[in-house]
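Please walk me through this structure. Keep to the geometry, and give the cut-offs along the way.

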Amino acid sequence: MSTKKTKLAIVGIGNVGSAVLNTALSLNLAAEIAVIDIKENKALGEALDASHGAPFSLSPNSYVHAGGYEECKDADVIIIAAGPSIMPGEPGDRLSLAGKNVQVMKDVMTSITKYTKEAIIIMITNPLDITTYYAANFFDYPKNKLFGTGTSLETARLKQILGTYYKVNPQNVEGFMLGEHGNSAFPAWSLISIAGIPSEQFEEYFQPAEPLDRTSVGPAVVNVAYEVLNYKGCTNYGIAMVACRIARAVFYDEHSIFPVSTTLEGEYGISGVALSLPCRIGRSGIETRLAVPLRTEEIDKLKQSADNLANVLTSVGLK
């Protein structure tokens, strides 16, 4: 990483944004962190509270403060977590938030672009693929500099499930959940491996008590988000860690690969929607979007995700 002072701006400081703030401080992610929220006192309180913990954190010299959108002018990375989330008891589909959060994103992106089109923007706001598509295609923002966390959280959950089942460290599980950040996400089994061992041979090498029911894994990954929501009222820590981990790849110019949400431009015959494929990420944002080799049935699932998202884009007037 260069010696240039690094700055992170967090837009929206509710349950998710405050978790992003705390995670960023724990990871010593940036020298300066600005928090922005329509509720100015909420932003002030969160910044003040976080600054009190700085002497005991890995970031004792981090400057944490609240401000307006002018703070985006010299930000290296902006993480957007603004807008309402699904609440317990509401329909179990992030896409139900589309109408509300497209309007939120109109205000957020209009405000950000008054000050910068240079920062890397990482989107968290749900429905993630809809807000990412809107922000990337309607505000003349460089597309490589704006993307959503996508199925990176689903991928982490997939690795956790498989690691637990086969009794290996989840970090040793390679592979991705792809498609929509939501109900139509799916595990790309053709890409999943442990220590170079393809998924078809897991039972042979790791000898679990009984063979894994693969058909249950995708739904389990998707449904665990709603389990967390119903148990505690929100999901925030997992996605905060994912967003900050991706931000670190930008700050440190890592060239790391994550399944993030971007607008497809003909890959697998899909265009005009944002969904998740593996992408190489560095200081300039998305360096390469990888149209990885998929089986026919996996491409069909990707297209189903795209169709679902296209229908929602049409319903909110973005198509």
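Predicted model: local features only at pLDDT ≥ 70, side-chain atom pairs only at ≥ 80, totals over all residues.

Residues are numbered from 1 along each chain as its sequence is written, and side-chain values use heavy atoms, with hydrogens and water left out.

Start with the rings. A pair of aromatic rings is described by the distance of the centres and the angle of the planes. Rings of Phe, Tyr and Trp (its six-membered ring) pair if their centres lie within 6.5 Å; planes under 30 degrees apart count as stacked, over 60 as edge-to-face and the rest as tilted. The structure holds seven aromatic pairs. One of them joins Tyr 134 and Phe 139: the ring centres are 5.1 Å apart and the planes stand at 75°, so this pair is edge-to-face. Tyr 134 has 9% relative accessibility, so Tyr 134 counts as buried. Phe 139 has a relative accessible area of 13% and is buried.

Next come Tyr 166 and Phe 202. Their ring centres lie 5.1 Å apart with planes at 70°, so the pair is edge-to-face. Helices (H or I, at least four residues) and strands (E, at least two) are DSSP runs, numbered from the N terminus. Tyr 166 belongs to helix 5 (residues 152-166) and Phe 202 to helix 6 (residues 202-206), so the pair ties together parts that are 36 residues apart in sequence. Tyr 166 counts as buried at 4% relative accessibility. Phe 202 counts as buried at 1%.

Two further ring features deserve a look. Tyr 133, Tyr 134, Phe 138 and Phe 139 form one aromatic cluster. Elsewhere, the charged end of Arg 214 sits over the ring of Trp 189, 4.5 Å from its centre. The criterion is that NZ of Lys or CZ of Arg is within 6 Å of the ring centre and within 35 degrees of the ring normal.

Now the helices. Helix 3 (residues 98-112) and helix 4 (residues 128-137) have axes that come within 10 Å and cross at roughly 35°. Axes are lines fitted to C-alpha atoms, for helices over the stretch in contact, and angles run from 0 to 180 degrees between N-to-C directions. The crossing is right-handed; that is, the near helix is turned clockwise from the far one by less than a right angle, with anticlockwise giving left-handed. Which residues of helix 3 meet helix 4? Ala 98, Asn 101, Val 102, Met 105, Lys 106 and Met 109 meet Ile 130, Thr 131, Tyr 134 and Ala 135 in helix 4. These residues divide into seven nonpolar, two polar and one charged. Here Ala, Val, Leu, Ile, Met, Phe, Trp, Tyr, Cys and Pro count as nonpolar, Asp, Glu, Lys and Arg as charged, and the others, Gly among them, as polar.

Turn to the backbone. Most residues other than glycine have a negative phi, and most peptide bonds are trans. A cis peptide bond joins Asn 126 and Pro 127, with omega at about -5°. Pro 127 sits in the loop between strand 5 (120-123) and helix 4. Asp 140 is not a glycine, yet its phi is positive, about 55°. Asp 140 lies in the loop between helix 4 and strand 6 (146-148). With a relative accessible area of 63%, Asp 140 is exposed. Ala 195 also has a positive phi, near 55°. Its place is the loop between strand 10 (193-194) and strand 11 (197-198). Ala 195 is exposed, at 70% relative accessible area.

Finish with two single residues. Tyr 69 is in the loop between strand 3 (63-66) and strand 4 (77-80). Tyr 69 is partly exposed, at 22% relative accessible area. Beyond its neighbours within four places in sequence, Tyr 69 is in contact (heavy atoms within 4.5 Å) with Val 11, Ile 36, Val 108, Ser 111, Ile 112 and Tyr 115. Lys 319 lies in the segment after helix 9 (296-315). Not counting residues up to four places away in sequence, Lys 319 touches Tyr 133, Gly 272, Ala 310, Leu 313 and Thr 314.

Notes: Buried < 20%, exposed > 50% of the residue type's maximum accessible area, 1.4 Å probe, protein only.
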